[in-house]
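Here is a model to question, term by term. Each answer sets a value against its cut-off.

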Amino acid sequence: MGAHSDGSNYLNATSGFKSWFWTVDHKRLGIMYIITILSFFLVGGLAAMLVRYELLDAAPTLGATTYNKAFTLHGAIMVFLVLVPAIPASLGNFLVPLQLGAKDVAFPKLNRLSFHIYLFGASFLVYTLVAGGVDTGWTFYTPYSANSSSNVISALTGAFILGFSSILTGLNFIVTIHKMRAPGMTWTKMPLFLWAMYATSLIQILATPVIAVTLFLLMVEKSFGIGIFDPALGGDPVLFQHFFWFYSHPVVYVMILPAFGVISETVTIHSRKHIFGYMAIAASSVAIAAVGFLVWGHHMFLSGQSEMTGAIFSFITFGVAVPTAIKVCSWIATLYKGSIRWNTVMFYTIGFLWIFTIGGLTGLPLATLATDVHLHDTYFVVAHFHYTMMGGVLFALITGIHHWWPKMTGKMFSEKAGMAASLFAFISYNLTFIPQFIAGLRGMPRRYHEYLPQYEEMMWLSSIGAFLFGISLFCVLAVWIHSLLKGEKAPANPWGGISLEWETATPPIEHNFEGQPVCDRGPYEFDEIEVKAPMAAK
Amino acid sequence: MSSEHAHADHPPYQAHFFHTMEQQNSSSKLGMWCFLVQELLFFSGLFMAYVAMRYFYPDTFSEVQERNLLSIPMGFTNTLVLLTSSLTMALAVREAQLIPIQEGAEAQKHRSNMMKLLLVTAILACVFLVIKYFEYTHKIHIGLLPGSFYDFPEWPVFKDPGTGKILGVMGENGIIDVRSAPHIFFALYFVMTGVHGLHVVIGVGVILWLFLRGKRGEFNQENYSAVENVGLYWHLVDLIWIFLFPLLYLVQ
């Protein structure tokens, strides 16, 4: 419903830079976010290539200072500019009103402000890069960060500003989901992507202000020597770690919960089967958001905190793994006896299941006190978080972009090329990071630019894998560009989805829906509809 | 497009993506509450820093009291000023709620009352800021400054000549007391009241914006949510001061 006879849609209804830069249309904002986020992903990826280039062999190549700046910029750009906004700002912005049956988010001008704040914050990180970088690690631990002469303040300012973009997006989604659901769409009839976005938004508004005040206090510490975190002034560096991780642990759930939401959508539609355990997946999203606030001390087992504290954090960390495992098992159960479509989206979805399961399982030896004593600050940790954050979030983002590509662009992409690129990415990704687990277990420390020769074999394999993985991502990009230039026109509902975004035109009109769509069934009740010829255009 | 039907039954202040004013108003109120929650979490970081520092340096905090370094009369006056401004803000919201939708004498009366109360709120906020200005300038003058800038001769700290780091308070016999840290107390004082003061300044700006909108004839009993939401923000700013004042000025 809702196509315009003159063929106008949100992409072509108005044109020109100003109509895009000053738009309040959530769909245009989502597209712009995708482009900027992927651009910063490229910058962060180049920093990663520098890191892996240095680690090709055991001897120093770039030197300590350059290396420290490379891994700091890689971490800061990837965390703050890419992973935190990745799915919420891009796919979330595009889909939340559509899946709800609404014409826009609750506060469209605030949405636009979020995007502009994102660009403004990003400019500080770009300035930091251009002005010579920062070498503290993205975690900015004191006392080094309080005393380092590198461009710490501009990096902190950038991250501080970016936090507000995140907060305002979360605020917008909470109100939109509470107040603007289509008639008949109760909470338990919402697509699971919306449950994921809701849980994410709760974390965004509760956790992000804490990193804001932490970075702010660090800036004041550097400027005025106030003595909160620097022991030479009477402060406590472990206090900084508590402040920092109180946000930075929940933020990994900001990154991964939307990814879980994407997978809940793709695993059902592409196996044409009702999701297994809807209530469990919905409730587990909120449970992860809540329990995720209680585990920050597992980053600090070796900081000098008491054994009792460590034991409590360890126990609760095991607890937060449970809802996550419930999701993974539910998705696999969904696939079981489903009518699985072997296409690009399914390849990426199954890739995600493999990658994220490894990431989650390798978190367990880190959550265990006895083993973490040996694994803390080794490459095992690096591999663990890359499997969850990068493998999880990024693969889910790519999955989602492919899945909603026809809806967003009105074009189809080449399935053959897409599937080939996904295999290339998956294999090279594992080649990059599995050697890192091995090196870490054998004792290779993280953030070292030169290392003992016994780790050279694994590090070399990892670096080769990283270069190949970088190439594979360009192949994925090529699939998209080819689709934009030469892709065939997409039918209205290529995958046969029944959530409300598939009832709009492809691509949607500016105001999403002509009238007010009504929700009269759950989002995954595939069995109850007549099967239409899958590629029929409306 | 589909906007023709919109103006027939949508009041002009209703956004096209909302169905009713009730939906729009309750959405904006929920949005403001979400914003206030995150503001609270921001300040709670500062309160946590206070708790941590007070745990490490309890004697410093009592000594500030003994030496009477913070003016309790000024702080108390500020508390009364802010509480009164919360009252006038609440009354302004009430007046906005009473403005009938039909324009006329009664609408003008209530709108004018609302504007007067908003103005009084803003003026009281400025009184708060003026008193704070005097407090700050006095402290700056005598050297009660935050962190490394601390230079109060009656309670001197020892700065390491090589690095410039403050190691503690200089005792009479030349022994440095590392358990005393007035520079940290005043750092907390300036940071906490400074961030709070910044929120007061922003509040003044937003209240004056409401005043200007009132002057343009906006707001009535189905469209006053902006006034109400600014009221909520203002009450939070007041509430934070109610915690700051005893923790900084009255602590024994």
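Q: What makes Gln99(A) buried or exposed in this predicted model?
A: Gln99(A) has 25 other C-beta atoms within 10 Å. The cut-off for buried is 20 or more. Gln99(A) is therefore buried.

Q: Where is Gln99(A), and which residues does Gln99(A) touch, not counting those up to four places away in sequence?
A: Gln99(A) lies in helix 4 (residues 86–100) of chain A. Its contacts are Pro191(A), Phe193(A), Leu194(A), Ser499(A), Leu500(A) and Glu501(A). Leu129(A) is 30 residues from Gln99(A) in sequence and 39 Å away in space, C-alpha to C-alpha.

Q: What kinds of residues make the contact of helix 12 with helix 13 of chain A?
A: Phe318(A), Val328(A) and Trp331(A) are among those from helix 12 of chain A. Helix 13 of chain A contributes residues including Leu353(A), Gly360(A) and Leu364(A). The contact divides into 8 nonpolar, 6 polar and no charged residues. Gly counts as polar here.

Q: Which residues have the most contacts inside the largest nonpolar core?
A: They are Ile77(A), Val393(A) and Leu188(B), in a core of 224 residues. Helix 8 (residues 192–224) of chain A gives the largest share of this core, 20 residues. Leu188(B) touches Ala49(B), Tyr50(B) and Met53(B), leaving aside residues up to four places away in sequence.

Key. Residues numbered from 1 in each chain as written. Chains lettered and ligands numbered in written order. Predicted model: local features only at pLDDT ≥ 70, side-chain atom pairs only at ≥ 80, totals over all residues. Core = buried A, V, L, I, M, F, W, Y, C linked by C-beta atoms within 7 Å. Buried ≥ 20, exposed ≤ 12 C-beta atoms within 10 Å, placed from the backbone. Helix = DSSP H or I, 4+ residues; strand = E, 2+ residues; numbered from the N terminus. Contact = placed C-beta atoms within 7 Å.
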